[in-house]
Amino acid sequence: MDTLARSILLASALFAGSAIPVAAQIEPERCPRFIASNPHPIPAAFNVAALQDGEVRLTFLGHASFLIESPLGVTAVTDYSDTTLAPLVPDIVTMNHAHISHYALAPDPGIRFVLRGWGEDGQPAAHEITVDDVWIRNVTTNVRGGFGTSGTLQRDQNSIFVFEVSGLCIAHLGHLHHTLTTDHLNALGRIDVVLAPVDGGYTLNVGDMIHVLQQINAPLIIPMHFFGVSTLQMFVTRLGEHFEVETSPTPVVTLSRPTLPRQPTVLVLPGF
């Protein structure tokens with residue numbers, strides 16, 4: 001199938017709310033576990049189609065925020081902040097880094113779990129929670145003390161949050177400022193979907209971020225944390241030298257293990 005035909009097929013499936021139609025069965029390697037429990041009700045104010053067993057839905061809300069939904073109706077929002085509003089009060093929010101566009105000063109009191117990616121008194125944050133059919137844990141990384149290479153290194157002040165839903169392991173890299181060590185990669189385990197900042201400077205430059213994505217080697221990469229179309233396009237052009245690239249007409253995608261791409265693929269969702 002040629003590239004144009006693949007793009008049309010992808011777009012049609014996304015409009016229909018179905019999974020990416022590049023079928024491949026990725027064999028489990030180090031996916032930590034599978035979770036089953038009693039159903040958790042979907043909030044009435046957020047009207048969405050029910051997910052089937054083995055599916056997970058991602059909606060790009062903007063900047064570094066995604067809504068993640070599970071078959072049992074659990075909702076989580078990444079980098080929940082005062083600057084990117086969620087369409088509902090989620091069950092779980094993560095805040096990777098104490099930066100104004102990545103956290104909220106006063107999260108909605110209706111949120112059941114607020115997971116901050118930085119610890120108190122210089123200690124690393126350590127999270128591992130199960131909410132019905134969703135398991136969340138974090139791997140800490142370091143933060144520069146300012147933009148570029150200036151400032152004092154702040155150890156363990158960013159977290160990569162890993163969500164396991166329907167047997168898929170989804171990693172949100174947060175405000176990642178360095179490439180990953182063997183210890184980081186071992187702690188992450190197998191990752192199926194990586195949500196990657198592609199701003200080209202506030203986090204990592206293009207070359208280093210591509211190196212990180214090659215280190216993780218996930219079947220699917222979804223860009224985030226970009227500032228305008230030109231920034232995104234610059235990054236996607238470079239990514240296209242190493243990965244397949246697809247563009248979605250909508251910010252919503254439904255994923256499952258059997259429909260992960262055969263080759264590492266970048267899926268661009270609309271929105272800033």
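Student: How many of the residues of the protein count as buried, as a percentage?

Tutor: In this predicted model, 55% of the 272 residues of the protein count as buried. The secondary structure that holds these residues comes to 4 helices and 14 strands.

Student: What can be said about contacts in the protein between residues at least 6 apart in sequence?

Tutor: Among those contacts, 58% join residues at least 24 apart.

Student: What is the order of the strands in the open sheet, and which strands are its edge strands?

Tutor: The open sheet has 6 strands in the order S5-S4-S3-S2-S1-S13, and its pairing is mixed. Strand S5, residues 113–116, and strand S13, residues 252–256, are the edge strands, each pairing on one side only. From one strand to the next, the twist averages 20°.

Student: Which strands of the sheet run parallel, and which run antiparallel?

Tutor: Let us go along the order. Strand S3, residues 75–77, and strand S4, residues 92–95, run parallel and are joined by 2 bridges, with Ala76 standing opposite Ile92 in S4. S2 and S3, by contrast, pair in the antiparallel sense over 3 bridges, and there Leu67 has Val77 in S3 as its bridge partner. Strand S1, residues 55–62, also runs antiparallel to S2, through 5 bridges, and S1 and S13 run antiparallel as well, joined by 5 bridges.

Student: How many residues of S1 are buried, and is Phe60 buried or exposed?

Tutor: In S1, 6 of the 8 residues are buried, so this strand too is largely enclosed by the rest of the structure. Phe60 is found in strand S1, and with a relative accessibility of 5% this residue counts as buried, the cut-off for buried being under 20%. The C-alpha atoms of Phe60 and Val77 are separated by 9.7 Å, and the two residues are 17 apart along the chain.

Student: Which residues take a positive phi in the hairpins on either side of S2?

Tutor: In the hairpin of S1 and S2, which leaves 2 residues between the strands, His63 takes a positive phi near 55°. In the hairpin of S2 and S3, where 5 residues lie between the strands, the residue with a positive phi is Gly73, with a value near 85°.

Student: Turning to a helix, which residues of H3 are buried, and why do they line one face?

Tutor: Helix H3 spans residues 206–216, and its buried residues are Val206, Met209, Ile210, Val212, Leu213 and Ile216. Seen down the axis of H3, these buried residues fall within an arc of 155°, so they line one face of the helix. After H3 comes Asn217, whose phi is positive, near 60°.

Student: Where is Asp208 found, and what is its relative accessible area?

Tutor: Asp208 is found in helix H3, and with a relative accessible area of 32% this residue is partly exposed, a class that lies between under 20% for buried and over 50% for exposed. The C-alpha atoms of Asp208 and His178 are separated by 7.6 Å, although the two residues are 30 apart along the chain.

Student: How is a pair of aromatic rings described, and how many such pairs does the structure hold?

Tutor: A pair of aromatic rings is described by the distance of the centres and the angle of the planes. The structure holds 1 aromatic pair.

Student: Which residue lies over the face of Trp135?

Tutor: Arg137 lies over the face of Trp135, at 5.6 Å from the ring centre.

Conventions. Residues numbered from 1 in each chain as written. Predicted model: local features only at pLDDT ≥ 70, side-chain atom pairs only at ≥ 80, totals over all residues. Heavy atoms only, no water. Phe/Tyr/Trp six-rings, centres within 6.5 Å; stacked < 30°, edge-to-face > 60°. Lys NZ or Arg CZ within 6 Å of the ring centre and 35° of its normal. Pairing = 2+ DSSP bridges. Axes fitted to C-alpha atoms, helices over the stretch in contact; angles between N-to-C directions. Buried < 20%, exposed > 50% of the residue type's maximum accessible area, 1.4 Å probe, protein only. Arc of directions from axis to C-beta. Contact = heavy atoms within 4.5 Å.
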